[in-house]
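Hi there,

Here is the structure I promised to pass on. My notes follow below it.

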Amino acid sequence: MYEKFDLELLTQLVREHQFRRLREILNEMNEVDIAEFLDELEVDQEILIFRLLPKDMAAEVFAYLEDTEDQEKLIGALSDRELREVLDELYLDDTVDLIEDMPANLVDRILRNTDASTRSQINQLLNYPKDSAGSIMTTEFVYLHPDSTVEQSFARIRRVGLDKETVYTCYVTKNRVLLGVVTVKRLLLSTYETRIGDIMETNVLSVTTHEDKEDVAQIFSKYDLSALPVVDSDNRLVGIITFDDAMDVMEEEATEDFEKMAAILPSDKPYLRTGVLETWRSRIPWLMLLMLSATFTGLIITSFESALAACVILTSFIPMLSGTGGNSGSQSSVAVIRALSLGEVEFSDVLAVVWKEVRVSLLCGVCLGAANFGKMMLVDRWLMHNPDVTVTVAAVVCSTLVLTVVCAKVVGCLLPMAAEKAGIDPAVMAAPFITTIVDALSLLIYFAIATRVLGL
């Protein structure tokens, strides 16, 4: 049973050069924890401790290192023999992930230290589009023949299973065509003489090599799978995707969506390891765009300057209207973006989505308007003795509030769906972008009602 490691103890052992004791502790630790420990060390210490690990454990730890710079430094420090030992223990999909993040000189060195067969498979996987199922699959899986017996299949699993990413799910193929799937549990519960074709499950979920990896992750989540076969256009089995790779995709996509929703260009580096200039580059484009688009708000206020001069009290309610509108739009956009990402709604559902949001916005708007009317009469007019806050002014503000909430929620649901239809990530149409649009709309509604009702 793995226990949470004591970082202070391990660091002390490194400082005191008690490497024998350190190796004993590391051998009992989980590979993920060891990778986390190495991330805390200086480069020279990291290389030294990495060499203490058994080669099979070293490969696992190497795959779990979060920072590609640490991986680069380790590759540079390892001899060709040591590098070859690590690569021999790495699963093929982990090797491909490693190569995708490495500079060209290190990629050449990695490929030189792999055998011809592995090199050919790596090149094949690298040719798939970056966001496709083929780019995250592994070709290391167990396949069985439908005419084999359970006894023959167990013998095959024992012979080839050690180097495969999973042996719990075996795929049944004939001439590479996927026919079915059988689990080790089913094999264990069957007699040795039973044919695989008689116990395999033929209703198999599979994906094609060019299917979007985000869709693949959703399939894992929906059907609670541990592995998913990947086939080509002729239904020939070319690889499998395991649950850990699907989890990585889910985390990556969620992080990317959060960054886009916050108007930040996505980055694949940890926060503290991202430089100041790189962080600036990821934030400034959207901030610049939003700042320039917000100038429309200023132009609207300027064009109604005479109306504001005639009724100055209107100015004090602009922040409340803009803020409430922005918050209302953000609520709708986040809900719709989530529904789109989970496949709960499509563009064909746009009328149903808009109709729902209109009804919700009317309920929200009326409640907010009524509460605000009471607040303006009780607090602004009576408690603060402000004679400019008349019933008519309160009616203008509150009616604007209702219409602003309705418009904001409609805009908040429409923009992500329009982006999805146009092939743009819906997360781009999130809070900052929608807030800017709603600010302008709320001012137009506000001044349109005020000039008519108050005769400004």
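Which residue does K375 meet in a salt bridge? The partner is D380, and the two side chains are joined at 3.1 Å, N to O. By salt bridge I mean a side-chain nitrogen of Lys or Arg within 4 Å of a carboxyl oxygen of Asp or Glu.

Before the rest, some ground rules. This is a predicted model, in which local features need pLDDT of at least 70 and side-chain atom pairs count only at pLDDT 80 or more, while totals for chains, interfaces and linings use all residues. Residues are numbered from 1 along each chain as its sequence is written, and side-chain values use heavy atoms, with hydrogens and water left out.

**Salt bridges**

The structure holds 11 salt bridges. One of them joins the side chains of E82 and R51, at 3.0 Å from N to O. E82 sits in helix α7 and R51 in the loop between α4 (43-50) and α5, so this pair ties together parts that are 31 residues apart in sequence. Helices here are DSSP runs of H or I with at least four residues, strands are runs of E with at least two, and both are numbered from the N terminus.

E82 is buried at 17% relative accessible area, whereas R51 is partly exposed at 41%. The cut-offs are under 20% relative accessible area for buried and over 50% for exposed, with partly exposed in between (1.4 Å probe, protein chains only). Back at the opening pair, K375 is partly exposed at 37% and D380 is buried at 8%.

R195 forms a salt bridge with D198, their closest N and O atoms being 3.0 Å apart. Here R195 is partly exposed, with 31% relative accessibility, and D198 is exposed, with 53%. Both belong to a network of salt bridges that also includes D147.

**Cores**

The largest nonpolar core has 56 residues, and L38, I49, F50 and F62 have the most contacts inside it. Helix α5 (residues 55-64) gives the largest share of this core, 5 residues. A nonpolar core is a set of buried Ala, Val, Leu, Ile, Met, Phe, Trp, Tyr and Cys residues joined through side-chain atoms within 4.5 Å.

Beyond its neighbours within four places in sequence, L38 is in contact (heavy atoms within 4.5 Å) with E46, I49, F50, V61 and L65.

I300, in helix α18 (residues 295-303), is buried at 11% relative accessible area. Setting aside neighbours within four places in sequence, I300 is in contact with A440, L443, L444 and F447. The C-alpha atoms of I300 and A440 are separated by 7.3 Å, although the two residues are 140 apart along the chain.

In helix α9 (residues 104-112), the buried residues are L106, V107, R109, I110 and L111. Their cover includes α6 (68-77), α7 (80-89), α8 (92-100) and α10 (116-126).

**Sheets**

Three strands make an open sheet in the order β1-β2-β3, with mixed pairing. Its edge strands are β1 (143-144) and β3, each pairing on one side only. Two strands count as paired if DSSP finds at least two bridges between them. β1 and β2 pair in the parallel sense over 2 bridges, and L144 stands opposite V172 in β2.

Strands β2 (residues 169-174) and β3 (residues 177-183) pair in the antiparallel sense over 6 bridges, with C170 opposite V182 in β3. Their hairpin has 2 residues between the strands, and N175 takes a positive phi near 55 degrees there.

An open sheet is also formed by 3 strands in the order β4-β5-β6, again with mixed pairing. At its edges are β4 (207-208) and β6 (237-242), each pairing on one side only. β4 pairs with β5 (residues 227-231) in the parallel sense over 2 bridges, and T208 stands opposite V231 in β5.

Happy to talk any of this through.

Best wishes
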